[in-house]
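Hi everyone, thanks for coming.

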Amino acid sequence: GYLSAIADTRHLGLALWIGEFGCNPADTQTILSAHYREQDAFGLGGSLWLWKENANDINRTVFWGVYGPPFGPGVPQPDRIRLTSRPFPLYTAGNLRAISYDAGNGRFRMRATSRRVPFGETSRATILLLPAATGSRVRAHGARVLVLRRDTGREAFVFPSGGAYSVAVGERRVSPWPRRAVQQVPLLCPPPAGSRAPPAPC
């Protein structure tokens with residue numbers, strides 16, 4: 001599972017990226033949603049496996065991707081569009097502490113800590129990818145935000161003021177991250193190799 005993979009990468013000193021995860025669309029709200037929740041809880045990135053997206057050679061009604069039959073172009077699957085059209089930090093200034101996304105209402109939040117990044121220094125800012133399907137306003141606490149439009153959506157550059165900062169999409173206002181929310185989705189790190197201690201917040 002995820003804990004084993006995290007333990008291996010920590011031992012090897014490598015980054016962890018989750019590739020080829022997915023399931024039948026009938027299990028989107030159970031299996032696939034659980035994958036995204038676990039990746040958020042551990043602060044991981046990944047890529048949905050578009051298995052036999054357009055041409056299942058045995059049964060053309062079976063697919064694992066974001067689009068369903070009839071193929072050529074295919075038909076977008078709304079539940080999967082909501083799960084995959086999510087804001088995501090491409091780069092985080094400082095240390096990521098928690099991340100949360102609710103596909104039901106499109107709300108996204110992240111919390112991090114960082115030294116001050118002067119406004120305009122985009123090479124040191126947090127960069128948040130906002131797909132075209134994400135039309136909500138970006139708000140921040142403890143940081144300033146610059147949003148730029150791109151061909152595939154928007155990019156938000158977040159410049160921390162120094163210390164803890166929060167970023168939210170799809171909320172009327174953003175305040176310091178509630179303690180209860182941090183406890184619900186902490187970033188957990190496995191213990192050192194050979195230890196029997198349980199995972200603990202990073």
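Is arginine 86 buried or exposed? Keep in mind that this is a predicted model. Arginine 86 has a relative accessible area of 7%, and the cut-off for buried is under 20%, so arginine 86 counts as buried.

Let's find it together. Arginine 86 sits in the loop that leads from helix H3, residues 78-84, to strand S5, residues 88-91. Its side chain makes a polar contact of 2.7 Å with the side chain of aspartate 40. If we leave aside residues up to four places away in sequence, arginine 86 touches Tyr36, Asp40, Tyr101, Leu129 and Pro131.

H2 covers residues 28-42, which is 15 residues. From first C-alpha to last, H2 reaches 20 Å, close to the 21 Å expected at 1.5 Å a residue. There is a bend in H2 too, of about 25° at alanine 34. After H2 comes glycine 43, with a positive phi near 65°.

Please look at strand S8, which spans residues 126-131. S8 belongs to an open sheet of four strands, ordered S5-S8-S11-S10, with antiparallel pairing. At the edges are S5 and strand S10, residues 143-150, each pairing on one side only. From one strand to the next, the twist in this sheet averages 30°. Six bridges hold S8 and strand S11, residues 153-160, in an antiparallel pair. As a landmark there, threonine 126 stands opposite valine 158 in S11.

S6 and S7 run antiparallel and are joined by seven bridges, with leucine 96 opposite alanine 112 in S7. The two form a hairpin with four residues between the strands, and glycine 106 in that hairpin takes a positive phi near 75°.

How much of S7 is buried? Six of the eight residues of this strand, residues 107-114, are buried, so S7 is largely enclosed by the rest of the structure.

On we go to S12, which is antiparallel to S7 and joined to it by seven bridges. Arginine 109 has alanine 168 in S12 as its bridge partner. Finally, four bridges link S9 to S12, residues 163-169, and that pair runs antiparallel as well. Histidine 141 is opposite serine 166 in S12.

To come back to where we started: arginine 86 is buried, and its side chain is in polar contact with aspartate 40.

Notes. Residues numbered from 1 in each chain as written. Predicted model: local features only at pLDDT ≥ 70, side-chain atom pairs only at ≥ 80, totals over all residues. Heavy atoms only, no water. Buried < 20%, exposed > 50% of the residue type's maximum accessible area, 1.4 Å probe, protein only. Polar contact = N/O pair within 3.5 Å; in protein donor to acceptor, adjacent residues only side chain to side chain. Contact = heavy atoms within 4.5 Å. Pairing = 2+ DSSP bridges. Axes fitted to C-alpha atoms, helices over the stretch in contact; angles between N-to-C directions. Expected span 1.5 Å × (residues − 1). Bend = angle between axes of the 7 residues up to and from the residue.
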